[in-house]
Amino acid sequence: MTDVQAFLGETVGKVVRALIERRHPGIRLQNVTTFSPETLLRHLNKEPRPRVAIAGGAVGHLIRKTKFPAALLTADLSEATEWRNDPRVNETVVIVSFSEEERLGSFHRFTEVRDRELYQEICETAFAEVCPNDVQTNWWRVLGRPEVRRQISVYRLAAYFLFLQAKPKKIPDASRDGLYLLGLLPSKEFFEHPTPAQLLRNLNNNRHLTNRIEILNNADRDRLNRGVDVADAKDRPRLLATLGKVLKYNRSGSDADRAALVAEEVRELFEARKNAPKTKSQKVIPIERAGVDAILQGDEKELIQLGKKLRETIDGFEEDETPYVTLDLANRSEQVMAKIPPPLVRLLTRSVTPELFGGRFKFETADTFDEALADIDNADFAPFGLEGDKSCQTLLERVIEAGLIEPEILDRWKAFIKGRSVLADQAVVIAVSPMVALASDKKLLQAGKDYLDAYESLMGAIRDRYESVASQSAKGARHLCAQLLVLDTILFETPVSVYAVLSPLHPLHLWKYVRLAEQLRDEKGTLNDEQKRVLGESAEKLPHFVTALFVPEGLVSNHHALVLPESHQVATLPCYQQENPHFAGTEGQDRLLRILRKFLVLYPHGRRSLRVCLADPPELPGLLEQLAGQITNEDLPIDGMHLTVFRTLDRPVSLGTDDQQLETIASVFAAGDAPRFILNIHQEKTTYQDIQNHLRQDPVHVLAIFDPSRAQVGRFVSREPGFIHPLVLPKEFQYDPIEDQLVITPAATGDLFDVYYSLQNRLNNSLTGSHFGVSSSLGSNFPKTGELLKSCTWLVLGDRLMDSLPTGGGHMISFEPGRRRDIIVLTESLTKFERAFDYYLRKANLDPTEESLRELITSSAELVGEGLLGLIRSDGDE
Amino acid sequence: MSTIKDAFKEINRTECFGYSPTSSSIKPAHIANGWFRCVLGRRYDPALLNQTVVHWTQNGEINPSEKLLSEHPSIFEPFQAISRRREFGEFRADLKLLVSPVGGAVNKGNRQSSYNITCERHITEDYNDWGTGTFLYQLLATDLGAGPSAAIVLLKDILGSPKDEVSAITAPLVAQSTATEIVVGTYPAETVFRKRGKSFQSPVLNHLRAGFDNLAKFDAAYGGGLDALRRLVAFGGFAVLLHMHNRSSELDRNPRLTPTLLYFPEAQRSTAYQASHATYNLCRRAIETLYTCMLKAWLEPRIGPRPTAKRCEHFIGELEFGQNEDDRNREQMRKAYRSFAGQFSGLEAMAEGLRETIFRDLSGTPLDFYRAIGVRGGFVRPAGNRAVRKFYTLEGVLLEAVLASILPEGEMPYQRFLEEFYQRYGLLTGGRSDDSAVLMDSGIGTATVQDLRANSQSFRQQLLSLGWARRYADGVLMVQVPEGLR
């Protein structure tokens, strides 16, 4: 018999005694942690004495040891059955069985004492005996919580209690040191800031750390070793000793080896590398961010080093490598990550050189852009070159020879070519990280400026002389103009569609980087740290200013000019696709998981079985993989989920074919027989009406609809010559009073764009000042959001230009603008928010009226970022 | 001095297991292929089956339909009409789904292809079973007084005269493949199948052999055909896993099996889940310990039983790892040794460091191998690589196979069944009174008895719903062969 078993016997005795005093006629102890029956009997050996049956127990021995009356004790369950059936027996009958005894089924009406009661009793005892201060009381309250009870066994809790009880004068210290008995690492700082929420967080963090060193994957092993490597001579022996202890525990898993560890020391070892001066940590930031930060900090050395490393990496880049590479920074602890997609490198190497200005790839079989991009070696390639009968240069020379324009225009062309040839050598680097490429090399940046100036000057000259050339050769003028407009555009013609990608040297693409790099360099001194931070974040992902790409007729077997709307991007380059009314990229999709976590904070009952419906998720396999990963790691703390997926767009909805992804998804949605996680994918195309009907029958907690609007390519007229800045893609607002409709179009005007559009208009016989743009509108068949909210608690809409779409019903609680897809969350009921606002305002001695409360909530919802959701912490802490 | 790579190979082959658990891509189909090849003593080269199934690779189309149709007009006669070409493409895709194992084990050519075997002509020379096939064959073929296991006869019978649809569909495609005889030879690790009288010295091998005999008995009576193959293969994978995580204690002459707690998922994860994960860690550690012990034995004659730190460092400098990256490995070994040196003796720290260095250098470690078979066989969950917190369970065919291996006929009370479950395979469900104590003895104090019992209740329910158990009016649960099979 161990001390723990004796203590548990006593605890059982207390629980049983309490039930006896409440006159329970029968008590069954069946599914409980093994305890000492001897201690139990000692505890029960006073009036009123119960009758006790211990299945298979050594009765004689127990009677001798405890002096419990022999008449009241048996090991035979049939005798206990007689007691139960005998009306003369007035005493409570207690049945004890340590095995899963089926015959106890006949005692099913007896009150069952379970481990849960013992656990609770231990906590109660702890409150009375080992909680000398509020910290300990809070701690034992945390230990008593149901979610903690699911992680800590009764045996461990009892052992921990006894450990504390044995050190009555040093309970706070013992609470820290004894954590190993709970399966955790002893911790010095565990009880700092001891609010219940913080203690729970500490417990979870400690548990994660323990799990981590129990498993210790290769990456973690490397991390720990590096931690020792970078330590200075003074710290190294200590860290090495910690590492030894970690490895020993990893090998043995024993309580004794865990007791030798200290959570803070282990964490220090994991983070030693991060904290080491002048060394690198594992934190990874995008390369563009690092580049912009370096410009803003005036850290030329860092910038040059980064540019050099990037160039070296790209020079030595092999096709079969993973597209993500990490590079060390000279003066920062982080590493930077750059994405170098091998197919893009191949494409640019082939089509963007000093002599080649993009071109057209014609594919016989490819169905999608990605397939085409991966298969350029099998495509028919017609480059836009310097030479050739219909090349821009040849046409220009002919026009000059014909005396239609002055020979000086050819000089402008040559200046343009010269500037471009410098840039073309760096095309891949510019595609991967334009800001780093340009800002790290002053000559390159200067070449960029010269190139853009030459382009503007050349295009302006051609524009001004277009009519005179056209009067002599209308067709020739159109050809020349068309060739100029498609410079540095790469077109993919497949049997099903036309795709395009702008080369990194396309002037309207390169423009923003050159301007921004210049401006940041020139004005960094005028910015404070906060402004620099915001600028850094914004510059990480600049908008694309060509939202619809004009492809003149005849270039891709097209008899008429085409306008391709922007569809997604590869590295930093915008891509376009014919007749693609919906943005295909995944932007915004990942925010859904965060929204679900916040939903669970407000509606914790949803954890039991969260019901979610998705319509047209942009990339379902990726989303499900993330979802399954978070469920498995308990980042999304749910016990069940019913997920239904519908499809209303042409975009297919499927689980994909990636084995690893499928395995991860299956590990949650196909795990076990219990249908706790149900995934229902309706692959056939349906309508919003059908979805609505389905939800009426089967409401959900969260309904998320992606891309309900259709993008329309249209021609828009700018009334004012715009001012344009690389960080902001302006929007044009046009109100149609007859249709009572507001059309919002992101459109770039001003600077280079005006001259580009004016040539485009000439070619297109359009009004001066007009340009192509993309606007969005909801179809008439999209239900009013108020109607949808009748079948869901939260409605999430992800779409471009969400702010211009009429929704119709519900309160918006979050609006997160995205570059290509905004995310809004709507709800019918604000009660949860009202209560919380009211509570906290009153806590601050304010007495808000109902009206002012609503006003406050409405205005908070419009806060940029997450709106009201930003006020909810996903870990549930206040 | 032989290189570390060679030494590790040799240790695997002749000391640890006799097979080389160094691939994370192994699938039950690979094991079956190697195993059946030994059982029948021959292999085939079903080239046409391979060409039909492997239509495309990453490099494009390699076996065009036109070519197949023109070269084998009589075999593909129904698809000769131009109008049926599309159907031929679909047929090939469907056939691939049918004969190619989930996750992919069929590649261009049969040298590295394993099929979902339904008849002997599907057996190839693929070596990707890494020797596990020979291990299983040896387990069944060893004469324990009554000749080889009945499972061998059953396997020969099913594979030799298939009666299922898959074999019928593939028959024209494999008809021309000819048999090549193979010789199994003696088992490389002689200590593995060492006998004492009419049984193996190894308790786990005795139980597994009995399990196979029972399974054969069960299938002879109730099953046969493809179902029998499925069960045997599932049990074969299970046998390899059991052997792996018990081998260390077996060499230690410890008769106790390493406990593995099966967890049957409930609505909320309980301490039973934590404990099941802890037993998974325990088994991983048991495998690591085995290698550490073997490497210790390899090191001792070289550096002595109590080497000084200087001697160890010097020895690391002399080691040849058998790779181009000798320096990198040496540096890794040095770091690992120093990390362990503070906590272990010199020899022990060297052994641990060497094991870690070798494992780090392998593309698939024995632990990856163990996980891969477990996940693909339905014994270890969750399946995803990112889900690092694994637990044990028994799913689908494997559950049926393990049940049949204990209870080939008749019925027995649930408690006795659980006892057999533990005694034979070390499997726990939480239903025995001793389960908690067994876990505690292994240093796993994470489970609350209430949760263990609830876990056992889930198992009961599963048995009931599968027809493998019947509850009597007095609440007693009897485990039995399902009536539907009888």
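## Interface between the chains

How many salt bridges are there between chain A and chain B? The count is five, a salt bridge being a side-chain nitrogen of Lys or Arg within 4 Å of a carboxyl oxygen of Asp or Glu. In one salt bridge, the side chain of Arg221(A) meets that of Glu356(B), with an N to O distance of 2.8 Å.

The elements of chain A that give two or more residues to the side touching chain B include helix 5 (115-129), helix 11 (218-230) and helix 12 (236-252); helices are DSSP runs (H or I, at least four residues), numbered from the N terminus. Helix 12 of chain A gives the most, with 11 residues. By residue class, this side of chain A divides into 12 nonpolar, 21 polar and 24 charged residues. Here Ala, Val, Leu, Ile, Met, Phe, Trp, Tyr, Cys and Pro count as nonpolar, Asp, Glu, Lys and Arg as charged, and the others, Gly among them, as polar.

Chain A contributes 57 residues to the contact and chain B 57 residues, contact meaning heavy atoms within 4.5 Å. The area buried between chain A and chain B is about 5,000 Å², of which carbon and sulfur atoms give 45%; this is the accessible area (1.4 Å probe) lost on putting the two parts together, summed over both.

## Basis of the model

This is a predicted model, in which local features need pLDDT of at least 70 and side-chain atom pairs count only at pLDDT 80 or more, while totals for chains, interfaces and linings use all residues. Residues are numbered from 1 along each chain as its sequence is written, chains are lettered from A and ligands numbered from 1 in the order in which they are written, and side-chain values use heavy atoms, with hydrogens and water left out.

## A buried threonine

Thr279(B) lies in helix 11 (residues 271-303) of chain B. Thr279(B) is buried, with a relative accessible area of 0% (buried means under 20%, 1.4 Å probe, protein chains only). Its side chain reaches the backbone oxygen of Ser276(B) at 2.6 Å.

Key
Buried < 20%, exposed > 50% of the residue type's maximum accessible area, 1.4 Å probe, protein only. Polar contact = N/O pair within 3.5 Å; in protein donor to acceptor, adjacent residues only side chain to side chain.
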